[in-house]
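I am opening a new set of entries on this complex.

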Amino acid sequence: MMYDIIIIGGGAAGLSAAKEAYDPALKILVIEREARLGGILRQCIHNGFGIHKFNLELTGPEYAEKTAEAIEDLDIDVLLKTTVTDIIKFKTFDLTVMNETDGEFHVEAKSVIIASGCYEKTRSQILLPGDRPAGILTAGSAQRYLNLDGYMVGKKVFILGSGDIGLIMARRMTLEGAEVLGVAELMPYSNGLTRNIAQCLDDYDIPLYLSHTITDIIGKERLEKIVIQEVDPHFTPIEGTEKTFEVDTLLLSVGLVPDIQMFESLKFAISPITKGAIVDQHLQTSVEGLFACGNALHVHDLVDWVSEESERAGQYAKAYVTGTLHAHEAKDVIPGDHVRYVLPQKLDFSGQDESTRFSLRSTIKADKGTFKIMQGDTLIMHKKMRHIAPAEMEHLIVPKDKWVSDEPVTISLEVS
Amino acid sequence: MATREMICIVCPVGCHLSVDEKTLEVTGNRCPRGEKYGKKELTNPTRMLTSTVKTNAKIQRRISIKTSDEIPKGKIFAIMDVLNDIEAKVPVKAGDVLLKNVLDTGVDIIATTSLEH
Amino acid sequence: MIDVLIIGAGITGSALARELSKYEMTVTVLDKEMDVGNGATMANSAIIHSGHDPKEGTLKAKLNVRGNALYDVLEKELNIPLLKTGAFLVAHNDEEKATLRTLRARAKTNGAVMEEISLEEAFKAEPNLSRDIQEVVSLPTTKVTFPWEVALALMENAVVNGVTFERGQEVIAIHPNGGTFTVETTTDAFDAKYVINAAGVFADTIAGMVETHVPYTIKPRKGEYFVIDRREKGYMNHVIYPIPSKAGKGVLVTPQVHGETLIGPTSLTIEDKTGNNTTAGGLNWIKNEAKKIAQNIPYHKTIRTFAGIRPSIEQYDFYIQESTEVPNFYHLGGIDSPGLTSAPAIAEMARDWVLSKEAFALKTHFTATREKITPFRSMSDDEKRAAFQADARYGKLICKCERVTEADVVNAIHRPIPADSVKAVKKRTRAGAGICQGGYCQHNVINIIARELSIPKTEVNYYNKHTNILVRETKEARHDV
């Protein structure tokens, strides 16, 4: 069966892409590995989602349901409990998929959108020292066990990483009867929303140890203790600052990575910074007809921006299969001073859109700063911003007529 | 002059507020909602509560819920205990009231996930 | 009364159990762990050495060479994985070239196969060899296996042939009864005629339960490794040895059976027999040493690090013999490198001790073979279709990183040595061994184990007893926390 567009992933990204890709003349398929649509939002039972998109404060499942509703009445095929295990491309894409009903089989498409989300970094990727007992999990795993399966993973908990997942789980575990002894954060500031520090830590008197890292893990069978230490500006542990906590559980909230290893046989260019595909303003990868969006492209902090980005991916994939998307040579978009990365990393100046939307992250925290978009020595546009932080993705919209040439673009942050 | 420092949680900006404990004067807010929040934190702090309750659905053993409005902060753990006794029987639609007026707060417990079977 | 009681189900104990299972004798193996091979067997380079390195005339030399040949037999009989990589031994200065000359002679005396290879040929075969290397020799009989799988295959075959494997049995005392023994564990007692000590890093502790003067002391020696992602397979195709030193074989580059590459190990004597934590210092040392033999090492593709503890002793050689104090008590002590390679040969030696005491007959019905376990991910398209027709659970992918299906997990749970913990399933199927380290699949594995064994999910362990991942249900009263 030849589809026009196959979307891999039925979470916020995949569903948003499906909605905008839809056209009664096109055959579209969404492939989802779980038994229900919704993706990671299903286990994010706290609220705070949808403030920008719907002007509402929704819980994760509510946001997922609203997004899924948008495609309910559309003629889009959905394969649940089905996993993509391989993709190759000849002229079109050949996907190997499998499920319990039909075993392993193939589906084909003219275009594919990767919306497969991200996975959590584990102990191995951050090289945590010490013993390897039971009781060390990622925060997301603990969240899944708690919110979907209904099990607690421990009684006395410490959390490494003050990103939102870590903060949310600090509160969640406390509400369900665990004792959370603290959250340690390597950086001198938290990566999570300030409001989460207040309503997840302060509300429950859970201490936050900034500029601290774990320097030892003790426990033969089950975790017994962890030791944290303060670090200096070079992240070297400072002697004499050891603090020991007797805990049976350590939750890791130490970073997310786009989950795209299944598709690497397609050999699309991958950014070493985002760990996701390198794309142009059409969210198209270096492989023609292959698009990416959502956390599978780069890790987002707000699902609202996932929806926004994925809707565009859907539109562009539709344009591609209907022959109205033309690919030309694209130039680099370069992250300049104090900018960690910019998406898209490639810009085709002959593109049809009225404007280009850039998503970017800073490398530093700043109360005030100005983002500057340059082509060579020419200032194309600037935007003053407040409360800049690496954890908060920023967006800049540049009208098409602002470009002065087809020179590479540099976006940097000037701190006031 | 005793003041309480706090972070406003009304919106993602997270203004740092100072509230005078006697006069309830609020400084540091960037909008009127923040002023309201600061005062309320010292007089009657409330929170939205999200959690899960048991369900007899096949696909997952817990169903997510929220309170229909903010509840007194001091009643959070008592309400968590009440949640232990609720079982949401399928079919459930997001928005369904699973328990009315929990612990006399005037606030309901609402399902936030829809489960058919 | 058990004929032979083996203490320790690592590679040595498992090889011995299988060898003895060919004879009409009762054999029981005890291990304090809940699975086969949880000690040094699980954490080493996985190399079947050629025998060029151990000193001439030692047991290590003899058993290494014999063991190397026996692995080819085991491959055929038990379908163990055996990657015929061959090896290069490399020298990068005059002093090392001199040592190489000694090793050439040694290989000849030991009966290990060593061949000459030009520098040009070596660089062509391995573009990632360090260009500082000045001389190379080839060791074509060097192979790589998956040690833990070998131990499991051996013990499974032993069990199929009548051996009893008692897991979770920690020996706390051994009482000699004038010729026989009562071996006491924390929960049971076993009477046996012959007791063979294959307890690895705890061999001296066990020996001390019977002997007043234990002839060796275990000096645990830690070895740390980097594991490079299997997507870098082909980075190096041969095992690369530097010239060995007193500390040991040195930091090697070792391709693994499933595609990963090991860089390491370190060699550091430590106090703690179970101190298998990796250290920043150890890992940094590896990076420095590895530079000497290889270039462009893809450290950024490290998926994990690990450390193994060698049960080394002060003596150079293995301590393999009957106790000089207590007849019928046997030592298989100091089994560090080349222990993995030597294990099947050590088993033959120990078997002969027992046979010299009592003329046990060979079994007429001995199941010498073990059928190949083909995981779904390795099946051909036809095999996949047939497997799915027979069992629809081959269609349910439960681990996306390593492509493990539910059927693979169910099969592992019900084998002769059952997999009833998350780690046991990981070892057998690789579910949870990939890049997300169980982030996606762990809950699936817990569900399947609980269902297949009819136990509550809160009783599914991570590896040993009392390591359950799920501690309690959420909606129980919180006050008992």
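This is a predicted model: local features need pLDDT of at least 70, side-chain atom pairs count only at pLDDT 80 or more; totals for chains, interfaces and linings use all residues.

**Entry 1: the contact around it.** I then listed the residues where chain C touches chain A: chain C gives 42 residues and chain A gives 39. On the side of chain C, at least two residues each come from β18 (302-313), α9 (381-390), α12 and β23 (472-473). I sorted that side of chain C by class and got 16 nonpolar, 15 polar and eleven charged residues.

**Entry 2: cores.** Which residues touch the most other members of the largest nonpolar core? I have I5(A), I6(A), I113(A), I159(A), A170(A), C293(A) and V445(C), in a core of 145 residues. Helix α7 of chain A, residues 303-321, supplies the largest share of this core, with seven residues. For background, nonpolar side chains tend to be buried together in soluble globular proteins.

**Entry 3: V445(C) and helix α10(C).** I followed V445(C) and left out its neighbours within four places in sequence; its contacts are then I398(C), V409(C), V422(C), V425(C), A431(C) and G432(C). One of these, V409(C), is listed as buried in α10(C), so I looked up that helix, which spans residues 406-413 of chain C. Is α10 mostly covered or mostly open? Mostly covered: six of its eight residues are buried. These are E406(C), A407(C), D408(C), V409(C), A412(C) and I413(C). They pack against β21 (397-399), β22 (404-405), α11 (422-429) and α12 (442-452) of chain C.

**Entry 4: domains of chain C.** The domain assignment gives domain 1 as 82-144 + 219-311 and domain 2 as 376-459. I took the centres over C-alpha atoms, and 33 Å separate them.

**Entry 5: a sheet in chain B.** I traced an open sheet of five strands with mixed pairing, in the order β8-β5-β6-β10-β9. Which strands are at the edges? They are β8 (87-88) and β9 (97-99), each pairing on one side only. For β9(B) the partner I checked is β10 (residues 109-111), antiparallel over two bridges. There, I109(B) in β10(B) stands opposite L99(B).

Terms used. Residues are numbered from 1 along each chain as its sequence is written. Chains are lettered from A and ligands numbered from 1 in the order in which they are written. A nonpolar core is a set of buried Ala, Val, Leu, Ile, Met, Phe, Trp, Tyr and Cys residues joined through C-beta atoms within 7 Å. A residue is buried if 20 or more other C-beta atoms lie within 10 Å of its own, exposed if 12 or fewer, and partly exposed in between; C-beta atoms are placed from the backbone. Helices (H or I, at least four residues) and strands (E, at least two) are DSSP runs, numbered from the N terminus. Two residues are in contact if their C-beta atoms, placed from the backbone, lie within 7 Å. Ala, Val, Leu, Ile, Met, Phe, Trp, Tyr, Cys and Pro count as nonpolar, Asp, Glu, Lys and Arg as charged, and the others, Gly among them, as polar. Domain bounds come from an automatic or database domain assignment. Two strands pair if DSSP finds at least two bridges between them.
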